[in-house]
Amino acid sequence: MSVMISMLRGVNVGPHNRIKMDALREMYQSLRFEDPRTYVQSGNVIFRTNEKDLVKLASKIQRAIEKTFGCCPAVVLRTRGELKKVIAANPFAGRDLHPGKILVTFLAGDPAQEAKNALAAFDKYPEEVHLKGRELYIYFPNGAGRSKLPWSQVEKYLGITGTARNWNSVTQMLAIAEQMEGAAG
């Protein structure tokens, strides 16, 4: 069985798309996923499955969330190995940066080349933006709360939805996935 990491977009942010994590774990169990574990309240679920087709798997989870909770957040999946590569590809590694100021946006697909070129328009902001594969890494030197980076335009240029997690969450989700992988082996 493979360990998978699912990240839901826009769950428990503001008054909409409210989902309790214990109910979310129960829903994942009802889909016959093994040992679902949630991390923080933003819809991160690490679980085991034999399913290999990530597109079908994300669609299956999304349909179940809509049926169970009445909302339809985007579901972005990564395997344990993919998440490990995301961490290894960190363009900020080796620099003494506060991990709370690093954000990774996990994209639902591969952006087109013209989308990658369009990111150059954000060079005038103090934030550092790096697109590597299906991940957009952003460093906020002044913190995300003080950022002037126009988020909606970034996603518009990329043309692909995604969901962002701070660096601490990314590393913790990998730690849970590694623990689950070790427990299964």
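User: Hi! Which residue stands opposite Ala164 in E8?

Analyst: Thr105 does; Ala164 in E8 is what it faces. Helices (H or I, at least four residues) and strands (E, at least two) are DSSP runs, numbered from the N terminus. This is a predicted model, where local features need pLDDT of at least 70 and side-chain atom pairs count only at pLDDT 80 or more, while totals for chains, interfaces and linings use all residues. Residues are numbered from 1 along each chain as its sequence is written, and side-chain values use heavy atoms, with hydrogens and water left out.

User: Thanks! How many bridges join E5 to E8?

Analyst: Five, and E5 and E8 run antiparallel. Two strands pair if DSSP finds at least two bridges between them.

User: What is the order of the strands in that sheet?

Analyst: The order is E6-E7-E5-E8, an open sheet of four strands with antiparallel pairing. Strand E6 (128-132) and E8 are the edge strands, each pairing on one side only. Neighbouring strands are turned by 20 degrees against each other on average, direction ignored; the axes here are lines fitted to C-alpha atoms (for helices, over the stretch in contact), and angles run from 0 to 180 degrees between N-to-C directions.

User: Let's look at E8, then. Is Arg165 buried or exposed?

Analyst: Arg165, in strand E8 (residues 162-166), counts as buried because its relative accessibility is 6%. Buried means under 20% relative accessible area, exposed over 50%, and partly exposed in between (1.4 Å probe, protein chains only).

User: What does the side chain of Arg165 make a polar contact with?

Analyst: With the side chain of Asn44, at 2.5 Å. The Arg165 side chain also reaches the backbone oxygen of Ser42 at 3.3 Å. A polar contact is a pair of N or O atoms within 3.5 Å; within protein, one must be able to donate a hydrogen and the other to accept it, and residues adjacent in sequence count only if both atoms are side-chain atoms.

User: Which residues does Arg165 touch?

Analyst: Not counting residues up to four places away in sequence, they include Met7, Leu8, Gly43, Ile102, Val104, Phe106 and Met173. Contact means heavy atoms within 4.5 Å.

User: New topic: which residues have the most contacts inside the largest nonpolar core?

Analyst: Ile5, Ile46, Leu83, Val104, Phe106 and Met173, in a core of 22 residues. A nonpolar core is a set of buried Ala, Val, Leu, Ile, Met, Phe, Trp, Tyr and Cys residues joined through side-chain atoms within 4.5 Å. Elements giving two or more residues to this core include strand E1 (2-8), helix H3 (80-88) and helix H6 (167-184). H6 provides the largest share, seven residues. A second, separate core has 20 residues, among them Ile19, Cys71, Val75 and Leu77.

User: Last one: what is phi of Asp35 near?

Analyst: Near 50 degrees, a positive value in a residue other than glycine. Most residues other than glycine have a negative phi. Asp35 is in strand E2 (residues 34-39). Val40 also has a phi near 50 degrees, and Val40 lies in the loop between E2 and strand E3 (44-49).
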